[in-house]
Amino acid sequence: MFDWLANPNRFNRITNKIQPILLLASLITIILGLYFGLYDSPKDYQQGHAVRIMYVHVPSAWLASGLYLLLAISSIFYIVWKHPLADLMSRSTAPIGALFSLLTLATGSLWGKPMWGTWWVWDARLTSMLILFFFYLGYILLSNAFERKIDGSKSAAVLAIVGIINLPIIKFSVDWWHTLHQPSSLLKFDGPTIDGQMLLPLVLMIIGFCSFASYIIILNVKTKLIEKKCEALILKLNLNEISNIR
Amino acid sequence: MKPKYRRLVIITLIIIILGIATQLILMALKDNIIYFYSPNDLKLKYGETKNIKNKIRIGGLVLEDSVIIENNKTTFIITDRSHQIKVYFDGSLPDLFREGQGIIAEGTFIKNNLIASQVLAKHDENYMPPEVAEALKKNGVWQGDIKQ
């Protein structure tokens with residue numbers, strides 16, 4: 001089944017159809033989400049207007065961890081099945097994930113100062129999120145650190161797999177230990193503890209961020225596929241020249 | 001066994017072993033990972049000690065009618081509804097600080113009192129517009145302040 005997915009031509013064919021849908025969906029939902037989130041939703045009884053930071057913070061945080069799962073899974077496919085497309089997938093995902101984890105940390109910090117009274121604390125949730133950001137950076141650096149690209153791909157993939165351990169820690173840190181960060185409001189057994197009027201922009205933004213990230217990652221993979229083709233062509237031309245000279 | 005299945009098995013084993021190792025490390029470091037103690041935790045951990053040398057953080061609710069503010073110096077009581085600790089604090093309080101609010105105070109524990117150097121407000125996972133909060137309070141089903 002994965003061999004079926006790993007064919008670059010098929011990948012291009014399928015994603016050509018999906019991409020416009022993703023772009024359209026993200027545009028519509030983000031515009032609507034921003035309208036509801038920034039304008040047409042009530043302020044919070046405690047946080048006032050600072051609650052609106054949540055509409056960027058929570059989708060970013062979900063994406064940061066979700067994309068890491070994607071990065072790790074495609075790294076497993078690369079290590080086990082050695083599909084080149086899986087490597088391209090990981091390499092395309094890492095910078096986007098890093099960006100969203102940075103956004104999570106930055107927006108969280110902006111919210112923390114007025115609400116908690118501090119920009120940063122070393123509690124379990126904040127620290128594990130920072131570690132996730134470092135795993136992304138580590139992946140990006142390691143995958144580009146070797147002369148032969150394939151060495152970078154392999155070692156970075158192993159790093160990505162090791163980092164899976166961090167994901168449950170991020171998710172459950174707020175339940176396992178006393179943290180300053182509040183527990184999850186959305187994924188709860190007895191339903192979300194967010195008012196419906198605030199839930200709407202949040203859900204819109206989550207859908208919008210997810211489709212936007214998917215769109216960008218697919219675009220990245222396609223670009224890398226074209227680069228690869230170019231490199232192969234240049235190599236071929238060089239070889240021809242050499243043989244001509246001889 | 002085909003090489004790719006061997007790689008799959010090795011990776012699965014690596015993940016399992018790393019998982020167990022991390023679990024053990026986290027269990028061993030539990031005391032360092034938790035961000036604050038509740039007054040009850042503190043009692044369980046330190047017993048009847050009156051002084052604790054290292055900086056500690058205590059979290060709980062600000063007891064109703066316990067806050068006294070005099071020229072920027074604040075005194076209040078942190079409670080977890082079973083034990084209480086008196087806190088002295090000289091500095092600016094976060095906006096969310098008020099009676100019944102969950103807070104975390106960091107400082108040194110001297111003679112059963114906490115001399116705080118920093119007070120942080122804890123926010124819970126409930127988000128609602130002011131009108132809804134009012135309605136809940138009116139109907140007596142309010143539980144935002146005691147849950148933390």
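In the predicted model, the centres of domain 1 and domain 2 of chain B, taken over C-alpha atoms, lie 39 Å apart. The domain assignment places residues 1–33 of chain B in domain 1 and residues 35–138 in domain 2.

Chain B also forms an interface with chain A. Contacts involve 43 residues of chain A and 37 residues of chain B. The two chains bury about 3600 Å² between them. Carbon and sulfur atoms account for 64% of this area. On the side of chain A, the greatest losses of area to chain B fall on Tyr45(A), Gln46(A) and His178(A). Together these three residues make up 21% of what that side buries.

Polar contacts were examined next. Between chain A and chain B, 14 residue pairs are in polar contact, with both residues at pLDDT 80 or more.

Four elements of chain A each give two or more residues to the side that touches chain B. They are α3 (54–81), α4 (84–115), α6 (149–162) and α8 (196–245). Of the elements, α3(A) gives the most, with five residues. By residue class, the side of chain A that touches chain B comprises 25 nonpolar, twelve polar and six charged residues.

Note on methods
Residues are numbered from 1 along each chain as its sequence is written. Chains are lettered from A and ligands numbered from 1 in the order in which they are written. This is a predicted model: local features need pLDDT of at least 70, side-chain atom pairs count only at pLDDT 80 or more; totals for chains, interfaces and linings use all residues. Side-chain values use heavy atoms; hydrogens and water are left out. Domain bounds come from an automatic or database domain assignment. Contact means heavy atoms within 4.5 Å. Buried area is the accessible area (1.4 Å probe) that two parts lose on being put together, summed over both. A polar contact is a pair of N or O atoms within 3.5 Å; within protein, one must be able to donate a hydrogen and the other to accept it, and residues adjacent in sequence count only if both atoms are side-chain atoms. Ala, Val, Leu, Ile, Met, Phe, Trp, Tyr, Cys and Pro count as nonpolar, Asp, Glu, Lys and Arg as charged, and the others, Gly among them, as polar.
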